Amino acid sequence: MTARLPPGLQLEKVDDRIMTLNVGPQHPGSGHMRLIIKVDGDYIVSCDPDPGYVHRGEEKMAEYRNYITNIPHLERPVIHDSCNILYPYCLGVEELLGLEVSERAKYVRVIASELNRFTYTLYWLAIYGIFLGHSTMFMWPAGDRELAIDLLEKLTGARVTHSYFVPGGVRNDLPANFEDVCLRQINYLEKRLKAYADIFYDNPILIARTEKTGVLSREDAIRLGTTGTVLRASGVDYDVRTKEPYDVYDELDVHTNVLKNGDSYDRSKTPWLDMLESCNIIRQALEKMPKSGSVRVKLKPNPKGGNDEVYKRVESGRGSLGAYIVSRSKPEPYRVKLSVGSFRNLICMPYLLKGEKLGNMPAVYWSLNYWPVEADR
Amino acid sequence: MSVIAPKFRLGYFLKSLTDNIFWIIVLFTLVGMPAIMLILFFIDLPVLDGTLLTPFLAFTMIFHPETGVPLLKSLLYSDFFRIAAFPGFGFAALLAAGTIFAERKLLAKLQLRVGPFYCGKFEGILQLMADGLKLISKEIIIPAKADKPIFWAAPILFVATAAAFVSLIPVAPGWVVADLDVGLLAVFAIIGFFPIITILSAWSANSKFPFIGGIRALHQMVSFEIPLILSLLGVVILTGTLNLSKIVESQSNYWFIAFLPIGAIVFFISMLAELERIPFDLPEAESEIVAGWLTEFSGMIYGLVQLGSYLKLYAFAALFVVLFLGGWQGPMVVPPFPAEIITHGIVAGPITIHVPGLPITTQEMLNGTLWFTLKTVAVIFFILIPRGVFPRIRIDMLLSIGWNKLIALAFINIFIALGLLYAGVLGPGGLL
């Protein structure tokens, strides 16, 4: 009788006021995870996030493949932000192998990375829209995302899993005429982003629904170790691109968008502001990029690093994304550890949802800029 | 990979016709003829040439105009036709089906999509039939712990109640299924049934998410029924009657929306909440409680609930038209029938036959139906638009809107109506 059942499957007492809801993994508002939510009437008493449904052991797999063959599978946790998740790995491997990346490749990386931030954030925004019941906000970003995807397809040859960044540069050079097409698409996307504000961010119902819900104070945001848009929405001026510039971000004028309130509305608005900033960054990068030059360093087969370890991080769509790589003089890395923003933002979810209404659950949950697959890795 | 619709080829089309002829014959003999016999059994057959027609005799006369037309007219004026076809279920279901299609296309255009496209030759016009066939062919899954009789009964009750609502709507002068003197009161009574059916179905499913959705629906419907009913009292004060046909007739010079705009707005918002349309679709909030009280419904049970909710949508839009937009009133645009048809009958080839049943219908009825349909479609359009523009609101905001704002506005509306009545502007014996 005393068999221990996993949490969430335990039988409840019928006379209890508290009802347990399993939000996920088969629930339209969960993603690949489960939230064990206990409600008292309409109020959430406790929330227990239960990730791990899509754990694929990417880090362990990386120990059995050499530095180059790791690339296609390490991007799998966030296939629609695949440039950014490969970025810290490539930076780290370059330091381990002592590779010098050419100036042009660095700019191409910045462009690809910012375009990828676009595809990720538009996807995120689409889901945020449908979570709040705004079906137009689901369709518009999902449709406009195609433009950024087309650009990336032109650049890399694949729509989502680009495998574009390699240690020593990028896989191939810009296609002909890319700069013009990119500028045109970016201008159009910027116009569309402003249209989103009209229908979504300035919508009185949205503001009434998300303002003052799930408030994360500045102190709590730092204490709980959140990162990225969640941290910036709480009033902390932190962006890896400006604080620890990598590649050529120090040569570009990157503005960090910081909002003060730390509620769901600000958390949902920060990625949108980041996308507008991405437009500026891409324009600057296209302007400053050297017009010719190699984009990839020729590597030996099975390159080996020394007895060394390295930690690099970049700003991904979900916050700082770090890669810790240990090398033991072998073609394979001894250990690869990805420190992802999703998991760090997930930690504050129980704190934010406690005492909220059940109707606020999707608004708070998805405003954390959380991608379940990335958190599981 | 996108699916491309096959190109139209005459040979294939003819082949499909010959294939279908077999099925057309089979369906006509097995379904169509019994259906016609059923209808003939119910209508009051006219006495022609001193002999009372039996259904079997009438069946032979369908194809002769001199006897067919009176038969058609007596069918048109029978109770069966009213309930099943014109002002009743068939008309409402047709408009509801049109609403579903228009909603999907309209929303698609708003969201820069195409919408239904491949089903049917023109713009996916047969998509609804495909969806209906899909729902019919799906298995109906009943939860093991559900209270089965009530779980089965709830969708059927839902459709029946929505159909009862439809039956109270006057479409054209004299064209109403149930012309009650307490028509508006009957409307209130029928609206009061919906929360009960919702909570019955939600509770009988014995599942958590339907239960939460049912409780939400109950809160929503109960708290919006009060402003809904209060907002209509202004109209009742001005007309002094509860009969919906008489309310329409009293709007022959002006529409009540001109004098009671606040009441119209309150009624419209309450209507959205009663219909569970966005932004008030909390009982079906997908991201929070799966599909709310519809979660455990599958197959045609779900289809029935959808049918009921669209019938309800039509009925509410029609009620708005009847109460605030003058119902069937409008300029006469239908040309009058030629005098010779009324006196001589129809011209069939070289000869003119005198047919006793002509004209089948009246000019007023056609004109009234036209205006009523146009106005209803316009109101339905405004019901559909918020779905593309607004997100869902929260239950506490919903209750606050219902109890704090709309009830106060509804009372202001009643005071305006009373003021107009006592100032002698409107109402019985008023200036206008």
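## B:Ala85 and its surroundings

In this predicted model, B:Ala85 touches B:Gly90 and B:Phe91, leaving aside residues up to four places away in sequence, where contact requires C-beta atoms, placed from the backbone, within 7 Å. B:Ala85 sits in the loop between helix 4 (79-84) and helix 5 (89-110) of chain B, helices being DSSP runs of H or I with at least four residues, numbered from the N terminus.

B:Ala85 is partly exposed because 17 other C-beta atoms lie within 10 Å; a residue is buried with 20 or more such atoms, exposed with 12 or fewer, and partly exposed in between.

## The largest nonpolar core

The largest nonpolar core has 198 residues, a core being a set of buried Ala, Val, Leu, Ile, Met, Phe, Trp, Tyr and Cys residues joined through C-beta atoms within 7 Å. Helix 4 (residues 103-131) of chain A gives the most to this core, with 18 residues.

Among the residues with the most contacts inside the core is B:Tyr314, and B:Tyr314 touches B:Ala92, B:Leu95, B:Ala96, B:Thr99 and B:Val166, not counting residues up to four places away in sequence.

## Helix 6 of chain A

In helix 6 (residues 178-201) of chain A, the buried residues include A:Cys182, A:Ile186, A:Leu189 and A:Leu193. The buried residues of this helix pack against helix 4, helix 5 (135-156), helix 7 (204-210) and helix 11 (264-288) of chain A.

## Numbering and confidence

Residues are numbered from 1 along each chain as its sequence is written, while chains are lettered from A and ligands numbered from 1 in the order in which they are written. Because the model is predicted, local features need pLDDT of at least 70 and side-chain atom pairs count only at pLDDT 80 or more, whereas totals for chains, interfaces and linings use all residues.

Methods:
Helix = DSSP H or I, 4+ residues; strand = E, 2+ residues; numbered from the N terminus. Contact = placed C-beta atoms within 7 Å. Expected span 1.5 Å × (residues − 1).
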